[in-house]
Amino acid sequence: MQRFTCPFCGLRDEREFSFAGESGKTRPDTAAEVSDADWSAYLFTGTNPRGRTDEIWVHTPCQEYFRMIRDTVTMEVLETVPLRRDPS
Amino acid sequence: MTYSAFRLFREGLRGQRGWTQAWRSPDPAAEYDIVIVGGGGHGLATAYYLAKRHGPLRVAVVEKGWLGGGNTGRNTTVIRSNYFFPESTALYDLSVQLYEGLSRELNYNIMFSQRGMLVTCHSEAEMEMGARTVNAIRLNGTDADLLGTAQVRALAPILNFSPDARYPIHGAIWQGRAGTARHDAVAWGYARAADSLGVDIIQNCEVTGFVVEGGTCKGVETTRGTIRAGRVGMAVAGHSSALGTRAGIALPIQSYALQAFVTEPVKPIIDQVAFSPAYGAYFSQSDRGGLVIGGGLDRVPSYGQRGNTPLHDEVLGGLVDFAPILARTKLLRHWAGIVDVTPDSSPILGASGLPGLFLNCGWGTGGFKAIPAGGYLFAHILAEGAHHDISRPFDLDRFVTGRLIDEGAAAGIAH
Ligand SMILES: Cc1cc2nc3c(=O)[nH]c(=O)nc-3n(C[C@H](O)[C@H](O)[C@H](O)COP(=O)(O)OP(=O)(O)OC[C@H]3O[C@@H](n4cnc5c(N)ncnc54)[C@H](O)[C@@H]3O)c2cc1C
Ligand SMILES: [Zn+2]
């Protein structure tokens, strides 16, 4: 069993967390015209890197989304960062 | 060399000294008409059908490790075509049909055993969904039946029929033509047949990049030098994104570990493949007597070829509730493979976005059953540079057009 660090709750059982997607994607401005290709890239494609990866995860009990930087081969968690600047 | 009962008998008398190598180990040539990256089942089957149906062509398969060392040699070997959408049935049933004649075609015993598969239903609501699934499968033109509890009990008495079970059994979806085959034999059988038709199979040769000239893929860079090609086909499963990045393409794929388990050999206790979506576990018995067990994906995206403990607990805990007689059976081995999961749990076949480079990937947890069809269709795509009718719906463009084939939702894919 691995434990991940929720930036809000601290070290918790990995089963309390869910993967939400890769970091760094910006939702296209849907008030404007969005091409099918751009929308598809936003929804579906990713780099799915082997090694260091930067992802968005959610901690189910506190419902906070945060960034997790980890290694997809060793499974080591390198850093977890809140998305909000002020995690209060 | 043709394999036969007579040859087996003769070699038995001669101390097994007459067997020859099943395939050559050639050095890569400077150029081929078609280079296939990945020597798993899909890559090897593609090479075989290219040579068999589209030749004469100069074809090579380039594999970074050994043949079948990826998911093909790690899977739980369930073969079935009980999917929901017509596009999927066309694909997977072509595969089952090809499997039915494969041992003879390849002159290699792949041990395809059509023992049938039970997908158990655990409530009256699940029975209604089961009826819907059975109707859909039949409308798509393949076989399925809905069985009641008594019929399931007659087939597989070791399952948990207690009304107090965590998920009592109300019946099952049955596909009689489903079954299992020997995974290594599928890879080796295709390799041997492709080799005998002149395909170069190059092992211990990793593709590290692509030769791109004027915006077109013209070959591969490998640890054994540059190999030029008219067309390049990629069939590297869980490593598709990593290799795609080197070709400058981003794919709708996430790589996860999928685990499997095998127990010590026991006497024959289950004749079918039994799968309970509710318990999250499935199992069948190998010819050696070991119970081959699988379940769902790990929840953490991964390239580490080993599983994590939460899923291990879930699958084995579910299994013991599903078939309590197995509680004291010891595990012999436990492993994982890295599978390539798409948003709709359907594969990707066709153009990659980089001209000259084509994709066969996204089989995720269920591509062993599809090896003959995947190879057959990918050979067509590589030879013609265009889709076969059956592969067309699985093009990468479905993620842009929105015509997804969402088997993840429709058939509740577990493998
Ligand atoms: C535990 C487990 C259980 C499964 N159970 C089932 C099941 O019951 N039924 C079912 O239908 N499917 C099942 N599957 C899925 C099935 O195994 C795969 O979908 C299928 O084997 C994929 O075949 P492939 O040829 O595409 O990939 P692979 O067999 O993985 O072959 C890809 C090959 O590409 C090679 N490669 C990768 N990168 C490079 C590179 N850069 N250069 C050269 N070579 C490279 C790899 O070494 C590998 O040999 C299971 C998978 C796992 C892991
Ligand atoms: Zn938290």
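Here are a few notes on this predicted model, taken point by point.

1. Chain B has two parts: domain 1 (27-81 + 83-105 + 183-253 + 343-411) and domain 2 (117-175 + 255-341). Their C-alpha centres are 28 Å apart. Where the two domains touch, 26 residues of domain 1 of chain B are in contact with 25 residues of domain 2 of chain B.

2. Strand 16 of chain B supplies the largest share, three residues.

3. Staying with the second largest pocket, which domains of chain B give its lining at least three residues each? Both domain 1 and domain 2 of chain B do. By residue class, the lining of this pocket has seven nonpolar, 12 polar and five charged residues.

4. Next comes a helix pair. Two packed helices are described by the angle between their axes and the distance between the axes. For helix 3 (residues 86-100) and helix 10 (residues 371-384) of chain B, the axes come within 7 Å and cross at roughly 105°. Angles of 65 to 115 degrees count as roughly perpendicular, so helix 3 of chain B is roughly perpendicular to helix 10 of chain B. On the helix 3 side, the contact is made by B:Leu91, B:Leu94, B:Ser95, B:Leu98 and B:Tyr99. Helix 10 of chain B brings B:Ile371, B:Pro372, B:Ala373, B:Tyr376 and B:Leu377. The residues of this contact divide into nine nonpolar, one polar and no charged.

5. Now for chain A. One helix and six strands make up its elements, and from the N terminus on they run β-β-β-α-β-β-β. The C-alpha trace of chain A spans about 45 × 35 × 20 Å along its principal axes.

6. Two spots in the backbone deserve a look. Most residues other than glycine have a negative phi, and most peptide bonds are trans. In chain B, the peptide bond joining B:Gly55 and B:Pro56 is cis, with omega about 0°. B:Pro56 sits in the loop between helix 2 (41-53) and strand 2 (59-62) of chain B. In chain A, the residue is A:Met75, whose phi is near 70°, a positive value in a residue other than glycine. A:Met75 also belongs to a loop, the one between strand 5 (64-71) and strand 6 (77-82) of chain A.

Terms used. Residues numbered from 1 in each chain as written. Chains lettered and ligands numbered in written order. Predicted model: local features only at pLDDT ≥ 70, side-chain atom pairs only at ≥ 80, totals over all residues. Heavy atoms only, no water. Helix = DSSP H or I, 4+ residues; strand = E, 2+ residues; numbered from the N terminus. Nonpolar A, V, L, I, M, F, W, Y, C, P; charged D, E, K, R; others polar. Domains from an automatic or database assignment. Axes fitted to C-alpha atoms, helices over the stretch in contact; angles between N-to-C directions. Parallel < 35°, antiparallel > 145°, perpendicular 65-115°, else oblique. Contact = heavy atoms within 4.5 Å.
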